[in-house]
Amino acid sequence: QVQLVESGGGLVQAGGSLRLSCAASGRTFSNYGMGWFRQAPGKEREFVSAIGWSGRHTYYADSVKGRFTISRDNAKNTVFLQMNSLKPEDTAVYYCAATIAPDTIRTMTREGQYDYWGQGTQVTVSS
């Protein structure tokens, strides 16, 4: 089992920044690829970003490329999502997830490939 706890969400004005953190406990964190997904009201959960177990490969949804940066610190069992130039359409509950699946774009961007999920953190961007 892997337990994931997100933090760092909040209310920010458009153009602002937030940094989300996801702290993991349980099994060896460095064995897992990590992803961020989000779900806006009335919409399905969607992929935002992911990072392979080594940190070498990162993946982004087109809607956040150039604005969001994912990183991980395996020594601290934590993955981060730096979100800059936030827009009102970024408003959602953001979920952290862990996967043992291979580090490829085909697997890391798919919700069904993830085995463990956090409880989510709310991000609200006002216009």
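Here is a walk through this predicted model, from its disulfide to its core, hairpins and aromatic rings. Residues are numbered from 1 along each chain as its sequence is written, and side-chain values use heavy atoms, with hydrogens and water left out. Since the model is predicted, local features need pLDDT of at least 70 and side-chain atom pairs count only at pLDDT 80 or more, while totals for chains, interfaces and linings use all residues.

Let's start with the sulfurs. The structure holds one disulfide (a pair of cysteine sulfur atoms within 2.5 Å). Cys22 and Cys96 make that link, with 2.0 Å between their sulfur atoms. The S-S torsion of Cys22 and Cys96 is about -75°, so this disulfide is left-handed. The pair links distant parts of the chain, 74 residues apart: Cys22 belongs to strand S3 (residues 18–26) and Cys96 to strand S9 (residues 92–99). Strands here are DSSP E runs of at least two residues, helices are H or I runs of at least four, and both are numbered from the N terminus. Cys22 is buried, at a relative accessible area of 0%, and Cys96 counts as buried at 0% too. Buried means under 20% relative accessible area, exposed means over 50%, and partly exposed is in between, using a 1.4 Å probe and protein chains only.

Now for the core. In soluble globular proteins, nonpolar side chains tend to be buried together. The largest nonpolar core in this model has 36 residues, and Leu4, Met34, Trp36, Val79, Leu81, Met83 and Tyr94 touch the most other members. Such a core is a set of buried Ala, Val, Leu, Ile, Met, Phe, Trp, Tyr and Cys residues joined through side-chain atoms within 4.5 Å. S9 gives the largest share, five residues. Tyr94 has contacts (heavy atoms within 4.5 Å) that, leaving aside neighbours within four places in sequence, include Trp36, Phe37, Leu81, Met83 and Val123.

Five of the six residues of S5 are buried. S5 runs antiparallel to S4, joined to S4 by five bridges; two strands pair if DSSP finds at least two bridges between them. Along this pairing, Gly35 stands opposite Ala50 in S5. The hairpin of S4 and S5 has six residues between the strands, and Gly42 takes a positive phi near 75° there. S5 also pairs with strand S6 (residues 58–60), antiparallel over three bridges, with Ile51 opposite Thr58 in S6. The hairpin of S5 and S6 has six residues between its strands, and Gly55 in the turn has a positive phi of about 85°.

What about the rings? A search of the whole structure turns up five aromatic pairs. Rings of Phe, Tyr and Trp (its six-membered ring) pair if their centres lie within 6.5 Å, with planes under 30 degrees apart counted as stacked, over 60 as edge-to-face and the rest as tilted. Phe37 and Tyr114 have ring centres 5.1 Å apart and planes at 80°, so they are edge-to-face. Phe37 is buried at 1% relative accessible area, and Tyr114 is buried at 6%. Phe37, Phe47, Tyr114 and Trp117 form one aromatic cluster.

Arg45 lies over the face of Trp117, 3.9 Å from the ring centre, and the charged end of Arg72 sits over the ring of Phe29, 4.4 Å from its centre. A charge counts as over a ring if NZ of Lys or CZ of Arg is within 6 Å of the ring centre and within 35 degrees of the ring normal.
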